[in-house]
Amino acid sequence: MSVASAIVARGLQKKFGAVTAAADVQIEIAHGERVSLIGSNGAGKTTFVNMLTGYIKPDSGEILLDGRSIIGLAPRQIARLGVARSFQIPQLYKDLSVQDNLLAAIAAQQSALSFWRPANHSESVAHAHEILQRFDLLAHADRLVSELPGGIRKLLDIAMALTRQPTVLLLDEPTSGVSADEKFPMMDTVMRALEGSRTTVLFVEHDMDIVARYSQRVIAFYSGRIIADGLPEVALAMPDVKRYVTGELIAVNDHA
Ligand SMILES: Nc1ncnc2c1ncn2[C@@H]1O[C@H](COP(=O)(O)OP(=O)(O)OP(=O)(O)O)[C@@H](O)[C@H]1O
Ligand SMILES: [Mg+2]
């Protein structure tokens with residue numbers, strides 16, 4: 001049995017021209033951890049996520065997924081190794097029902113051939129049903145995605161990312177575009193659906209209420225560097241986090 005961490009990042013560097021998007025980023029995350037990535041605009045959160053998913057290659061440094069190096073692999077290969085991603089704007093088929101979207105996600109994992117075999121279809125329907133139940137989506141199964149409120153769309157998008165039981169699930173601002181009334185129930189459902197699972201969850205989030213309530217650990221970025229990494233109550237109370245992330249303290253300009 002592997003005892004390797006879900007994710008290990010060592011000495012990640014990435015520059016875009018004169019901009020440093022990652023500066024010696026070191027992170028180690030265990031299986032099953034729920035981690036939020038925070039930071040102001042341009043801090044380097046998406047750059048980290050893009051390096052983890054293979055969309056960007058770091059200038060230097062190492063990334064291990066479950067003990068295995070993923071540097072140089074294509075996004076598809078990394079996805080196949082167990083890194084799933086949900087997007088800030090859900091990637092759904094709007095003219096299909098909730099259930100058919102899930103079936104499409106399940107089919108995408110199987111070979112094109114097995115998708116068309118009737119025997120597999122009933123298995124897929126059973127799998128979709130199990131996921132609908134886990135995500136409290138059964139009542140919406142036959143509704144078209146175009147008719148759904150934002151929070152339900154997000155749930156479906158996340159449910160679709162989880163169809164292949166990923167090692168790592170990356171959520172890009174799960175509550176953006178979700179109304180204030182919907183955001184806590186939606187996150188409660190996601191966390192309940194993930195309960196007991198070994199899937200590591202990393203979410204980029206600007207809403208500090210969500211960060212404080214749903215993460216076990218907070219990693220704060222500023223200017224490509226990690227400026228805090230710890231328990232939410234500790235990380236969110238750090239002066240640098242208040243200064244450079246949440247804006248609770250005014251940043252002091254050295255050149256003033
Ligand atoms: N493909 C790119 N080409 C050039 N510069 C880039 C590219 N991607 C990111 N950057 C720059 O790298 C820095 C880090 O950007 P990144 O997207 O990682 O920030 P972020 O923390 O995700 O911010 P936001 O909260 O706005 O999404 C920024 O200065 C950004 O302009
Ligand atoms: Mg970003």
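## Basis of the description

A residue is near a molecule or strand if its C-beta atom, placed from the backbone, lies within 6 Å of it. This is a predicted model, in which local features need pLDDT of at least 70 and side-chain atom pairs count only at pLDDT 80 or more, while totals for chains, interfaces and linings use all residues. Residues are numbered from 1 along each chain as its sequence is written, and chains are lettered from A and ligands numbered from 1 in the order in which they are written.

## The shell around ligand 1

Ligand 1 is surrounded by residues including Phe16, Val19, Lys45, Thr46, Thr47 and Phe221. The shell divides into 5 nonpolar residues, 6 polar and 1 charged (Ala, Val, Leu, Ile, Met, Phe, Trp, Tyr, Cys and Pro count as nonpolar, Asp, Glu, Lys and Arg as charged, and the others, Gly among them, as polar). Its largest share, 3 residues, comes from α1 (helices, H or I of at least four residues, and strands, E of at least two, are DSSP runs numbered from the N terminus).

In α1, Lys45 and Thr47 are among the buried residues, a residue being buried if 20 or more other C-beta atoms, placed from the backbone, lie within 10 Å of its own. Gly54, which follows α1, has a positive phi, near 85 degrees.

Phe221 has Ile226 in β10 as its bridge partner. Strands β9 (residues 217–222) and β10 (residues 225–230) run antiparallel and are joined by 5 bridges; they form a hairpin with 2 residues between them, where Ser223 in the turn has a positive phi of about 55 degrees.

Methods
Two strands pair if DSSP finds at least two bridges between them. A residue is buried if 20 or more other C-beta atoms lie within 10 Å of its own, exposed if 12 or fewer, and partly exposed in between; C-beta atoms are placed from the backbone.
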